[in-house]
Amino acid sequence: MKWTNATWIKPAADTGDIAPVFGKSFTLSGEIREATLSLTALGVYEAELNGKRAGEFILAPGWTSYYSRLQYQEYDVTGLLEKDNALTVTVGKGWYRSRMPGWQGSKWQDGLRGNPAGLLARLTLTYQDGRQEIISTDESWKVSESRVRFSEIYDGEIYDAAFEPVLNGDVLVFEGPSDTLIPQQGEEIREQERIAGARMFTTPKGETVIDFGQNITGYVETTLEGRVGEVLDLSFAEVMDKEGNFYTANYRSAKAQYHYTCRDGLQTYKPKLTFWGFRYIRVNQFPGGVEKAVPAQFTAIALHSDMRRTGFLSSSSPELNRLFDNIIWGQKGNFVDVPTDCPQRDERLGWTGDAQVFVRTACLNYDAEKFFAKWLADMAADQHEDGYVGHVIPDMLQNPHASAAWGDAAVICPWEVYRAYGNSSILENQFECMHKWVDHITAATTTPNLWTGGTHYGDWLGLDAPSGSYKGSSDETFIASAFYAHSTSLVIRAGKVLGLDVSSYEALYDRIVAAFRETWPAYKTQTECVLAAHFRLAPDCQAAADQLARMITDCGTKLQTGFVGTPYLLHVLSDYGYAELAYSLLLREEYPSWLYPVTKGATTIWEHWDGIMEDGDFWSADMNSYNHYAYGSVADWVYGVAAGITPVESAPGYAKVRIAPVPDTRLDWLKASLNTRHGLVRSEWKKSDGMWRFEITTPVDAEIVIGGTLHQVTPGTYYFYHNF
């Protein structure tokens, strides 16, 4: 859309790395009924009216595919007005103009970074007598350097509280984006939890470190007494090394600065235009000396998109409960407007592969419908005419080759969002993107009815990877062809929901399955068994699952899967009669396992099963995030199999629910609850007098399966008993 009565403005003199602050003063001419502030920026902004913040959106206007879509926000600022008013807006680089993606160049991003710190704003004043006055960005605004002397996504913030901006600089009107403006679509990023410093200690190197006890995404608020020119300087880390020293190598080139210059007196500071991923801070400088710092002066503030928590898991195992907590914190820390891979290093990108393996869990833990609808709209905007979908969205990498299981997010994510919430609009909005992705594979492959050729990530980080490789040993074309079949099947299902003719895709699917079975009559890795069985591609899925179970037990009851196989691993085992083995993998504490990081003190999900190895060394320095949500996808098995809560296939969004819990005697009890669009579903089981006691609540008609017996029930709470 195009705005009327507002023009883009920028500083007449470039402020370089210093964030400019734009300002406009005005006087009311009567009693106000309502005042609405609409604005956006090329970067991220913080707006204040008479020194008070407008709205709670941190890092507005958010991160979209800026070439196609730039969100603007509207704030009710009626309560902030006075007779004489000063409106100021500080604009930092944000995702728009930072040096992303960090470890390599990007012409796509360079095209954005070449733009100025632009601002577009419109304040609409409605008086009690019905008059309207509009104050918009134009040549009459003024600009100054702000107290934010530097701000960038990877490199942090430098702030000088003693600097006094003087709004006397000129602005220029320029042709900023207008046709790409859209109203706020996603969830706002908000301040969430506040965490006090848990403890302060001195490392063997003599450094002063504060531990917040939880790895988070956000920033630190500091309250201190200082004098003009004194400095507070902090560094950030996720872990300590095995000697107990502060460790930052895994941040790679991200400087992650927090440098604050004091004014006189008692003062409180928290960054305005950036964020960090961290558990620990190192106090490098402090007014009066580092020894003067105390934990009570530091508060960690977690940021994430403002989603409503819907799913809850708990059990009799403290270690399993810590895993559940880690999964939640991993989602919160990486759902900052875009589903990122990690929040700390010089990356923080919307990797499609991570999103598709986690989307079902994401929609169980939180109401993520609005979050994904916005991100998927960016995916559709970034999709190439030939159907190519990038490895990350927004697609600043512009990799020449699409990857299986990454680009398939174009199909899997909309389908899972529909399955979770029952709203077919997500399929309507994304169906073109969905089928164009399948069409892209059909056109790009070098072998009809399979996906051969191209470059793929394979079973990324598979534990059966050859030496020196990040990829597992599974055949890349096997994986690509399996996902080709799976995505085609979902396009068919989505098309039928929308009442469309999908006969050509049905024929294609049949050809893919036939070609797949002919090409791969046998499977050589755990992940190949998993995909063949889970996607129903094997001529005998039970035999594939049997082979998988043997492979797991033969290597000491260990998983060897990576990003592609792990999300479906436990599902295949429980679907084909190996639920006990699935629990053995879930409850395993030795490396490799979901609980191994818990034994090493993890408070989020790790990128690598052995991010910290058994001897205390690190897996690597270059790619070793300790807040990487993908392997947290195991929670969907706990909700859907252990607790047994799933939507009936014909009633998406839990309009009718199936509850078929699968307990295990190694746990005394397990509880799951899910706030659906139709109300609260609960499934609990526990040991009771030598039997299983089940307590199940459903707000809708339900199929309850206990010990193989089906019970058709109406809304209510039900109790069942069954022998071990």
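Helices (H or I, at least four residues) and strands (E, at least two) are DSSP runs, numbered from the N terminus.

Before moving on, a word about the model. It is predicted, so local features need pLDDT of at least 70 and side-chain atom pairs count only at pLDDT 80 or more, while totals for chains, interfaces and linings use all residues. Residues are numbered from 1 along each chain as its sequence is written, and side-chain values use heavy atoms, leaving out hydrogens and water.

Now select residues 566-575, helix H12. Nine of its 10 residues are buried, so the rest of the structure largely encloses this helix. Buried means under 20% relative accessible area, exposed over 50%, and partly exposed in between (1.4 Å probe, protein chains only). Among the buried ones are Tyr568, Leu570 and Val572. Show helix H4 (352-365) and helix H8 (476-497) too: both are included in what covers them.

Next, colour Leu570 and Phe372, two of the residues with the most contacts inside the largest nonpolar core, which has 234 residues. Such a core is a set of buried Ala, Val, Leu, Ile, Met, Phe, Trp, Tyr and Cys residues joined through side-chain atoms within 4.5 Å. H8 gives this core its largest share, 11 residues.

Last stop: threonine 124, in strand S8 (residues 119-127). At 17% relative accessibility, this threonine counts as buried. Beyond its neighbours within four places in sequence, threonine 124 has contacts (heavy atoms within 4.5 Å) that include Glu34, Thr36 and Ile134.
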